[in-house]
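Trainee: I am new to this structure and would be grateful for a close look at a single part of it. Please begin with one residue and then set its surroundings within the whole chain.

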Amino acid sequence: MSVRDIEVFRVVMNAGSTSKAAQVLGISQPAISQSIRKLETSAGLQLFQRAHGRLIPTEEAQALMIDVDRLFIGMDAIEHRIKSLRQFGTGRLAIAVHPLVGNAFMPRVLAEFDLMQRDIRVSLRVQSSREVHQEVSAGLCDFGVMADEMPAAGLEHSEFLNERGVIAMPQGHPLARKSCISARDLANCEFIALNPEDSSRRRLEVALDSAQVALNVRVETAYLHTICNLVLRGTGIAFINPLAAIDFVGRGLVIRPFELDIRTRSLLVFRPGKPLSDTARQLLKVMRIQLARDLEFTRSYLSQ
């Protein structure tokens with residue numbers, strides 16, 4: 001079983017036909033078909049059904065594709081690292097973070113860190129927590145920050161953020177007149193939620209089930225930044241980490257305390273046995289200072 005045959009298999013699966021795969025790889029259709037037959041023979045599996053000159057993936061092919069994608073994600077990351085080393089050398093940092101931290105918080109941190117003065121280049125990768133775990137495990141970044149929905153198995157880790165969630169609403173919303181939002185207040189509101197697999201969404205729904213309150217979810221999305229934009233435009237209200245609201249409260253977003261203590265947690269993750277550079281440690285220090293400032297700002301806002 002050769003890596004080339006696996007690569008051909010992946011391109012065929014993504015392209016949907018041997019003719020398109022041949023165009024992508026710059027080889028003939030017969031060469032594509034031969035490579036697929038070799039892979040099937042080597043694996044002892046039928047990966048495609050042949051019908052009217054078309055290749056139709058079997059269930060075995062779909063299952064294999066999951067692991068093949070994992071392999072090539074790692075290969076793509078290695079290629080990215082080689083290009084970065086060739087262009088920048090080692091005077092750089094690579095950081096993988098989940099969207100809550102990456103979309104607004106890290107830009108504030110990097111502005112404070114003064115990259116130009118330090119002559120440092122940064123690769124900031126805003127990814128899912130699963131992808132952050134994969135990048136750190138493979139040693140492809142200096143450190144990562146991920147949500148606690150993803151176990152930190154195999155990595156050194158410490159808590160970075162553990163903050164009580166708040167309710168966000170547009171200016172002028174009836175709930176904006178309240179000093180604290182109750183679970184019952186959510187029952188009759190259009191709601192914008194994180195995707196069901198998000199740990200804070202799951203905690204919210206468990207707590208609301210106990211209070212016998214059902215959410216009227218109008219929109220689901222993976223990103224708090226998107227949720228804040230939707231709230232700002234009057235699409236609904238939302239339960240968010242207050243860190244996500246900082247760039248929006250001056251533009252008409254209102255946040256209020258929530259009576260239920262539901263937490264959002266983020267973990268700093270490191271590859272075991274890979275010591276941090278002085279630059280990475282300095283950046284982590286600035287991240288913690290900025291986090292303290294941001295949380296002080298939101299707590300001050302909520303106490304008004």
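Mentor: Leu194 is found in strand S8, which comprises residues 190-194. The model is a predicted one, in which local features need pLDDT of at least 70 and side-chain atom pairs count only at pLDDT 80 or more, while totals for chains, interfaces and linings use all residues. Residues are numbered from 1 along each chain as its sequence is written, and side-chain values use heavy atoms, with hydrogens and water left out. Helices (H or I, at least four residues) and strands (E, at least two) are DSSP runs, numbered from the N terminus.

Leu194 counts as buried because its relative accessible area is 10%; buried means under 20%, exposed over 50%, and partly exposed in between, with a 1.4 Å probe and protein chains only. Apart from neighbours within four places in sequence, Leu194 is in contact with Ser200, Arg201, Glu220, Thr221, Ala222, Tyr223, Leu224 and Ile227, where contact means heavy atoms within 4.5 Å. Between Leu194 and Val219, 25 residues apart in sequence, the C-alpha to C-alpha separation is 8.4 Å.

As a general point, an α-helix has 3.6 residues a turn, so residues three or four places apart point the same way. Just after H9 comes Gly234, with a positive phi of about 80°.

Which residue lies in the loop between helix H8 (199-210) and S9? Gln212 has its place there. Its phi is near 60°, a positive value in a residue other than glycine. Gln212 is exposed because its relative accessible area is 67%. Another residue of this kind is Asp114, whose phi is also positive and near 60° although Asp114 is not glycine. Asp114 sits in the loop between H5 and helix H6 (115-118), and with a relative accessible area of 38% it is partly exposed.

Ile32, Ser35, Ile36, Leu39 and Glu40 are buried in H3. Down the axis of H3, its buried residues fall within an arc of 135°, so they line one face of the helix. Pro30 and Thr41, on the other side of H3, are exposed. Cover for the buried residues of H3 includes helix H1 (3-15), helix H2 (18-25) and strand S1 (48-51). Gly44 follows H3 and has a positive phi, near 70°.

Ser129 belongs to helix H7 (residues 129-137) and counts as buried because its relative accessibility is 4%. Leaving aside its neighbours within four places in sequence, Ser129 is in contact with His98, Met146, Ala147, Glu149 and Met150. Asp69, in helix H4 (residues 59-88), is partly exposed, with a relative accessible area of 27%. The C-alpha atoms of Asp69 and Glu7 are separated by 9.9 Å, although the two residues are 62 apart along the chain.

As to the whole, the chain has 10 helices and 12 strands. Its C-alpha trace spans about 70 × 50 × 30 Å along its principal axes. Of its 304 residues, 47% count as buried. Among contacts between residues at least 6 apart in sequence, 73% join residues at least 24 apart. The chain exposes about 15,600 Å², of which carbon and sulfur atoms supply 50%.

Definitions and conventions:
Areas by Shrake-Rupley, 256 points an atom, 1.4 Å probe, with all protein chains shown as cover. Arc of directions from axis to C-beta.
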